[in-house]
Amino acid sequence: MKKLVVEIPENVSEDEIRKVISNYLRKRDVVLKFYRLLEDVDWGRMEEEHERFRREFRFRSAH
């Protein structure tokens with residue numbers, strides 16, 4: 001586990017600190033999940049599918 005030391009002004013309550021830390025950890029988890037989704041993407045295949053869709057769409061809209 002990492003240790004984090006933060007200086008906090010005296011007029012900030014413990015509840016506010018807990019809320020800020022909780023929000024940060026929740027957002028961090030969402031960001032990590034998003035980047036894990038991108039790790040498994042086959043970008044070459046994605047590009048091929050994109051080009052195929054564009055060709056077919058142009059062909060359909062021309063007729």
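Guide: Helices (H or I, at least four residues) and strands (E, at least two) are DSSP runs, numbered from the N terminus. The model is a predicted one, in which local features need pLDDT of at least 70 and side-chain atom pairs count only at pLDDT 80 or more, while totals for chains, interfaces and linings use all residues. Residues are numbered from 1 along each chain as its sequence is written, and side-chain values use heavy atoms, with hydrogens and water left out.

Visitor: How many helices and strands does the protein chain have?
Guide: The protein chain has two helices and zero strands. Helix α1 covers residues 14–39, and helix α2 covers residues 43–62.

Visitor: What does the C-alpha trace span along its principal axes?
Guide: The span is about 70 × 25 × 15 Å. The radius of gyration of the protein chain (taken over C-alpha atoms) is 23 Å, whereas a compact globule of 63 residues would have one near 11 Å. That globule rule is 2.2 Å times the number of residues to the power 0.38.

Visitor: And what share of the residues counts as buried?
Guide: Of the 63 residues, 0% count as buried. Here buried means under 20% relative accessible area, exposed means over 50%, and partly exposed lies in between (1.4 Å probe, protein chains only). The accessible surface of the protein chain comes to about 6900 Å², by the Shrake-Rupley method with a 1.4 Å probe. Carbon and sulfur atoms account for 58% of that surface.

Visitor: Let us turn to salt bridges. How many are there?
Guide: The count comes to six, where a salt bridge is a side-chain nitrogen of Lys or Arg within 4 Å of a carboxyl oxygen of Asp or Glu. One of them joins E49 to R52, with the closest N and O atoms 2.5 Å apart.

Visitor: Where do E49 and R52 lie?
Guide: Both are in helix α2, three residues apart, about one turn of the helix. E49 is partly exposed, at 34% relative accessible area, and R52 is also partly exposed, at 37%.

Visitor: Which other residue forms a salt bridge with R52?
Guide: E56 does, and there the closest N and O atoms are 3.3 Å apart. E56 and R52 are four residues apart in helix α2, so about one helical turn separates them. E56 is partly exposed, with a relative accessible area of 35%. As for networks, salt bridges that share partners join E14, D15 and R18 into one.

Visitor: What about E51; which residue is its partner?
Guide: E51 forms a salt bridge with R54, the closest N and O atoms being 3.8 Å apart. E51 and R54 both lie in helix α2, three residues apart, about one turn of the helix. Both residues are partly exposed: E51 has a relative accessible area of 28% and R54 has 38%.

Visitor: How far is R54 from L38, C-alpha to C-alpha?
Guide: Those C-alpha atoms are separated by 23 Å, with the two residues 16 apart along the chain. L38 belongs to helix α1 and is partly exposed at 32% relative accessibility.

Visitor: And Y24: exposed or buried?
Guide: Y24, in helix α1, counts as exposed because its relative accessibility is 53%. Y24 and E49 are 25 residues apart in sequence and 37 Å apart in space, C-alpha to C-alpha.

Visitor: Where does F53 lie?
Guide: F53 is in helix α2 and is partly exposed, at 49% relative accessible area. From F53 to D29 the C-alpha distance is 34 Å, over 24 residues of sequence.

Visitor: A change of topic: what volume does the largest pocket have?
Guide: The volume is about 400 Å³. A pocket, on a 1 Å grid over the protein atoms alone, is an open set of points where a 1.4 Å probe fits, with protein on both sides within 12 Å along at least five of seven lines. Points are joined across faces, edges and corners, and the volume is the space filled by probe spheres set on them.

Visitor: Which residues line the largest pocket?
Guide: Lining residues have an atom within 4 Å of a point; here they include M1, K2, L4, I17 and Y24. The lining divides into ten nonpolar residues, no polar and one charged. Nonpolar covers Ala, Val, Leu, Ile, Met, Phe, Trp, Tyr, Cys and Pro; charged covers Asp, Glu, Lys and Arg; the others, Gly among them, are polar.
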